[in-house]
Every structure is written in structure tokens, then in C-alpha cells.
Amino acid sequence: MSDTRLSFKEMCARFDVTPRTLRYYEYIELLQPERDGRSRFYGPRECARMTLIMRGRRFGFQLEEIRQWLMIYENEGTEAQNRLWVEAATRQLGELDEQRRQLDEAQAELRALRDEVAASLKD
């Protein structure tokens, strides 16, 4: 099992996170590494959890929502976790669509203003 464990530094490197981030995820109990004295070691379970955390963050989910997914998996299993995730993903897709709409609107306004100002400079 020791060859499948990652040290604190290796975990930070693998997931491209700062030590502060990793410590915070431990503090809020998203991760629970094995401890050997002052050293921390992360096994396959913690790596899987970190993968889910990173995906969730990438898609804009809040840490509390991610915590709920992890707790549901621990308490109720994969199917319950997947059901909650599908609901959350559907909700998040709606939010991302709205953000895209707002961004498209802001870009259109900025282009129009830029073109108007650029045209006034040619006169």
C-alpha cells in the first residue's frame, strides 16, 4: 500500500494546488489523510475525493455542495451520490448558461461602444 500513497508535497503537485488549499480541504474535512507523526499520506480514497473536489470547483460548485456529495457517497453509496450530482449539474448548467448570456451581452455592448468611438476618431 505504501507505493500507492502520496506525500503532502506529491498531492499538491499531482492536483496542482497550494499547500494552503490542501490544508484547508483537510481543515473542512473534505480530505482525511493518514498521519504518521507530522507527515500526511494520501491513499487512493483521498485521491478520488480530490479528483471530485477539483472537478466540482472547475465547474463552479461550492465546497459545501461538494461536501454533500462526498457525505452522501459515504452514507448512501454511489447511486444516491449520482442522483444528487445530476440535480446539481443541471442547476449549474443553467447558471453557466445565464453567465454566458450576460457575457455575450457585455461583449456586444463593448464592441458597439468601441466601434462607435473608433468611428468618431476617423472623422
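What you have is a predicted model, in which local features need pLDDT of at least 70 and side-chain atom pairs count only at pLDDT 80 or more, while totals for chains, interfaces and linings use all residues. Residues are numbered from 1 along each chain as its sequence is written, and side-chain values use heavy atoms, with hydrogens and water left out.

Let's start with the helices. Helices (H or I, at least four residues) and strands (E, at least two) are DSSP runs, numbered from the N terminus. Two packed helices are described by the angle between their axes and the distance between the axes. The axes are lines fitted to C-alpha atoms, for helices over the stretch in contact, with angles running from 0 to 180 degrees between N-to-C directions.

Take H1 (residues 8–15) and H2 (residues 19–27): their axes sit 9 Å apart, at an angle of about 105°. H1 and H2 are therefore roughly perpendicular, a label that covers 65 to 115 degrees (under 35 is roughly parallel, over 145 roughly antiparallel, and the rest oblique). On the H1 side, the contact (heavy atoms within 4.5 Å) is made by Phe 8, Met 11 and Cys 12, and on the H2 side by Pro 19, Leu 22, Arg 23 and Glu 26. Sorted by class, that contact of H1 with H2 has five nonpolar, no polar and two charged residues. For the classes, Ala, Val, Leu, Ile, Met, Phe, Trp, Tyr, Cys and Pro count as nonpolar, Asp, Glu, Lys and Arg as charged, and the others, Gly among them, as polar.

Now on to H4 and H5. Their axes come within 7 Å and cross at roughly 160°, which makes H4 roughly antiparallel to H5. The contact of H4 with H5 divides into eight nonpolar, three polar and three charged residues.

Further along H5 (residues 78–122) you'll find Gln 92. Is Gln 92 buried or exposed? At 8% relative accessibility, Gln 92 counts as buried; the cut-offs are under 20% relative accessible area for buried, over 50% for exposed and in between for partly exposed (1.4 Å probe, protein chains only). Leaving aside residues up to four places away in sequence, Gln 92 touches Phe 59, Gly 60 and Phe 61.

Finally, the charges. The count comes to 12 salt bridges, each being a side-chain nitrogen of Lys or Arg within 4 Å of a carboxyl oxygen of Asp or Glu. One of them joins Arg 5 to Glu 34, with the closest N and O atoms 2.8 Å apart. Arg 5 lies in the segment before strand E1 (6–7) and Glu 34 in strand E2 (residues 34–36), so the pair ties together parts 29 residues apart in sequence. Arg 5 is partly exposed at 23%, and Glu 34 is partly exposed at 36%.

Arg 45 has a salt bridge to Glu 46 (2.2 Å, N to O) and another to Glu 74 (3.0 Å, N to O). Because Arg 45 lies in helix H3 (residues 44–58) and Glu 74 in helix H4 (residues 63–76), the second pair ties together parts 29 residues apart in sequence. Glu 46 is buried, at 4%, whereas Arg 45 is partly exposed, at 37%, and Glu 74 is partly exposed, at 42%. Together with Arg 49, these residues (Arg 45, Glu 46 and Glu 74) are linked in a network of salt bridges.
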